[in-house]
Amino acid sequence: MRLIIRDDASKASAYVASYIVDRIRAFNPTPENPFVLGLPTGSSPQGVYKILVEKYKAGEISFENVVTFNMDEYVGIPRDHPESYHSFMWKHFFSHVNIHPSNVHILNGNAPNLEAECVAYEDAIKHHGGIDLFLAGIGEDGHIAFNEPGSSLASRTRVKTLAYDTILANSRFFDGDIDKVPRMALTVGVQTVLEAREVVVIILGQRKSLALQRCIEQGVNHMWTLSSLQLHPHPMIVSDEDATLELQVKTVKYFKSIEKVAREAGFEQILPSKVRTGNGPIPQTKVDEVNSPTIHSPQPTTSRLLRATPAAEYPIRSVSPELVPDRMASRIPEPNLHKRLTPNPEQQAARQNAISA
């Protein structure tokens, strides 16, 4: 995991915006092979969208061959409602760049069949070859998209009931009236996010510092769904200084030193696969095989787990075996043990039937 720390929110937003622009350029998208970008809503990404619009108007980037999938949408409010995520995205981003409306995908919170809408959304992501980069923000309780605390780390796009803290936090967008905030939303799942080839999360402000600390310094926990990024091969978190207040000093120094060394060495994260590099040259990994590996000359190994290919389906669950009555005496080859007063299900059942009769 990479943690990039900047002095303030504006510098953190500028870093994320430049990173997205660099990734789209490196991909060199075409109409046949577009760059697929996952996008969030909320206050954190607004600065990123503003800078992306400025870069587009300056001629630094084009979104003509970019396909987008938004993370979530409220259930039950009109699409043209000022606080719907449709309105948010067109207000802050889409209406200011040259993205084609047919390339924009946002969940429909007023669909007649909400579950069918979620299934169709997952199918649309697969149809476009998966998401190349998922930009995300988080809530104060560490939720990513609307995957509230306790969400399954294997979850996919679905209908989600919002936590009270989320409703309270979002009431600022509804004139401070908590009764106006929708109670349900459609959201991509944790697994949907993890299947993106890159995940970039922007975290700003002291109020989200505890969530950042739980993600960076503690283990994976479904009560802090942001921590699931530890399972991703290419995650990056960009934060301002205020968001690091709960981190240990040595943790902050460590990640800053990693960035400093990488910058001095001219290192940039490489994503060596066709789906990540788009239409550019594809780096090849070469491994020299050892004919007769020994302890002194072991067989070199490369990771077969952290690949770009997303999981296509849910994992197949094994079938539970039939439960068979068992006792320790039956496992020991000593006939006399069967005469002891150890629990015997057959005798107990017969005795119970005799008493009942």
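Here are some numbered notes on this structure, which is a predicted model.

1. Starting with the overall picture: the protein has 357 residues, and 45% of them count as buried. Its secondary structure comes to ten helices and ten strands. Among contacts with a separation of 6 or more, 75% are between residues 24 or more positions apart. The exposed surface comes to about 20000 Å², with carbon and sulfur atoms supplying 54% of that.

2. The buried residues of α1 are Ala12, Ser13, Tyr15, Val16, Ala17, Tyr19, Ile20, Val21, Arg23, Ile24 and Phe27.

3. Asn28 takes a positive phi of about 55°, although Asn28 is not a glycine. Most residues other than glycine have a negative phi. Asn28 sits in the loop between α1 and β2 (35-39), and at 45% relative accessibility it counts as partly exposed.

4. Ala145 is another residue with a positive phi, near 55°, and again not a glycine. You'll find Ala145 in the loop between β6 (133-136) and β7 (158-161). Is Ala145 buried or exposed? Ala145 counts as buried, because its relative accessibility is 8%, below the 20% cut-off.

5. Next, Lys55, which belongs to helix α2. This lysine is buried, with a relative accessible area of 17%; the cut-off is 20%. Which residues does Lys55 touch, leaving aside neighbours within four places in sequence? The answer is Ser18, Val21, Glu60 and Ile61.

6. Helix α3 has its own buried set: Tyr85, His86, Ser87, Phe88 and Met89. What do the buried residues of α3 pack against? Their partners are β2, α2 (46-57), β3 (66-70), β4 and α5, a list that takes in both helices and strands.

7. Further along, Asn103 is in the loop that runs from α3 (85-92) to β5 (104-105). Asn103 is buried, at 18% relative accessible area, again with 20% as the limit. Setting aside neighbours within four places in sequence, Asn103 is in contact with Glu64, Val66, Val67 and Thr68.

8. Last, the largest pocket, which holds about 690 Å³ of space. Of its 36 lining residues, Gly42, Ser43, Asn170, Arg172 and Phe173 are the closest to the centre. The elements β4 (72-74), α3 and α5 (164-170) each supply at least two residues of the lining. By type, the lining divides into 14 nonpolar, 13 polar and nine charged residues.

Note on methods:
Residues numbered from 1 in each chain as written. Predicted model: local features only at pLDDT ≥ 70, side-chain atom pairs only at ≥ 80, totals over all residues. Heavy atoms only, no water. Buried < 20%, exposed > 50% of the residue type's maximum accessible area, 1.4 Å probe, protein only. Helix = DSSP H or I, 4+ residues; strand = E, 2+ residues; numbered from the N terminus. Contact = heavy atoms within 4.5 Å. 1 Å grid on protein atoms, 1.4 Å probe; cavity = no way out; pocket = protein on both sides within 12 Å on 5 of 7 lines; lining within 4 Å. Points joined across faces, edges and corners; volume = space filled by probe spheres on them. Nonpolar A, V, L, I, M, F, W, Y, C, P; charged D, E, K, R; others polar. Areas by Shrake-Rupley, 256 points an atom, 1.4 Å probe, with all protein chains shown as cover.
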